[in-house]
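User: Hi! I would like to learn how to read the secondary structure of a model. Could you walk me through it?

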Amino acid sequence: MAESPAVSRFLRTTGQHATIEPDAFTDGGYVLSIGGAEQSHVDLADPSDIFYEYLRRIGHVVDLAAPWGEPVTALHLGAGALTLARYIQATRPGSVQYAVELERELLDFVLEQLPLPDGTELHTIIGDARDALAELPPGPAFDVVILDIFSGPEAPEHLACTEFYREAAAKLSPRGVLIVNVGDEPGLTLVRSQVAALRRAMPDVAAFAEAGMFSGRYPGNIILTGTQGPWPDVWTAALTARGPHPAKVLSGVELDALSD
């Protein structure tokens with residue numbers, strides 16, 4: 001059977017084109033690009049298989065947020081190709097999920113071209129992530145809130161701040177965690193500011209990344225996780241063991257060097 005050709009959709013909010021094309025190296029895999037830059041990878045054949053390392057690390061944190069296989073309530077701020085929503089449904093069937101995306105055309109395009117796994121309960125909201133927090137129905141308290149929107153100097157100020165993190169934390173269940181992907185450049189200026197902001201908003205914070213990222217010499221992604229109690233040492237051991245390797249977790253006084 002011939003591979004499906006690439007398909008594109010114009011995104012009116014940003015004026016860019018989104019493209020979905022088959023991944024030549026993964027059966028059932030597809031790549032979402034926006035403005036010519038790869039943005040997400042989806043494996044329709046096995047949604048539990050996450051290709052991008054930083055998303056795999058987020059998945060590992062989600063794994064620890066509740067007993068294995070137990071359904072959770074999850075809020076995705078920044079939808080992309082819904083890679084993590086697919087992962088949660090695959091590993092925690094029966095989960096209730098919400099996804100917020102600024103680009104209506106992007107969300108429609110992804111859902112049309114890359115259908116969600118059977119049984120997925122996903123509620124979609126179009127709009128700004130901060131505005132959406134106020135629009136959410138009063139019912140769900142989220143076990144997982146995942147922010148995957150900004151990187152580098154383009155981070156929106158109204159999201160990359162303590163006040164927003166406090167608003168997001170207020171939506172958490174008693175066991176809930178707030179997970180923030182921070183893509184940054186050498187020097188880690190944004191990471192440092194977000195560690196400080198998240199620490200002001202939540203009782204404890206840890207950072208999880210490829211070990212070399214903490215040197216500040218390379219561009220890449222660091223995953224910050226805010227918890228509502230002390231960061232569990234067993235989580236450090238579990239995340240370090242699960243990788244991708246080499247993996248490192250900083251918490252407590254070890255994280256002080258990354259805080260403004």
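Analyst: Gladly! Two strands pair if DSSP finds at least two bridges between them. Helices (H or I, at least four residues) and strands (E, at least two) are DSSP runs, numbered from the N terminus. This is a predicted model, in which local features need pLDDT of at least 70 and side-chain atom pairs count only at pLDDT 80 or more, while totals for chains, interfaces and linings use all residues. Residues are numbered from 1 along each chain as its sequence is written, and side-chain values use heavy atoms, leaving out hydrogens and water.

User: Which residue in β4 does Ser33 stand opposite?

Analyst: In general, strands of a sheet pair through backbone hydrogen bonds, either parallel or antiparallel. Here Ser33 faces Glu38 in β4. Strand β3 (residues 29–34) and β4 are antiparallel and share six bridges.

User: What is the strand order of the open sheet with four strands?

Analyst: The order is β1-β2-β3-β4, with antiparallel pairing. Because β1 (7–11) and β4 (37–43) each have a single partner strand, they stand at the edges, and one side of each is left without a neighbour in the sheet. On average, neighbouring strands of this sheet are turned by 20 degrees against each other, direction ignored.

User: And what is the order in the open sheet of eight strands?

Analyst: That one reads β7-β6-β5-β8-β9-β11-β10-β12, and its pairing is mixed. Its edge strands, β7 (121–126) and β12 (247–251), each pair on one side only. For a parallel case, take strand β6 (residues 96–101) and β7, joined by six bridges; Glu101 stands opposite Ile126 in β7. β5 and β6 also run parallel, with five bridges, and Leu77 has Val100 in β6 as its bridge partner.

User: Why is strand β5 described as largely enclosed?

Analyst: Start with burial: buried means under 20% relative accessible area, exposed over 50%, and partly exposed in between (1.4 Å probe, protein chains only). Five of the five residues of β5 (residues 73–77) are buried, so the rest of the structure largely encloses this strand. Thr73, Leu75 and Leu77 point one way, Ala74 and His76 the other.

User: How many residues of helix α1 are buried?

Analyst: Eleven of its 13 residues are, so to speak, under cover; among them are Tyr54, Arg57, His60 and Asp63. For length, the expected span is 1.5 Å times one less than the number of residues. α1 (residues 53–65) reaches 19 Å from its first C-alpha to its last, close to the expected 18 Å.

User: At what angle do α5 and α6 pack?

Analyst: Axes are lines fitted to C-alpha atoms, for helices over the stretch in contact (heavy atoms within 4.5 Å), and angles run from 0 to 180 degrees between N-to-C directions. Helix α5 (residues 162–169) and helix α6 (residues 189–201) pack at about 45 degrees, their axes 8 Å apart. Thr162, Tyr165 and Arg166 in α5 meet residues of α6 including Gln194 and Leu198.

User: Which strands does helix α3 lie across, and how does it run relative to β1?

Analyst: α3 (residues 104–113) lies across β1, β2 (16–22) and β3, at about 160 degrees to β1. α3 also lies across β6 and β7, running at about 155 degrees to β7.
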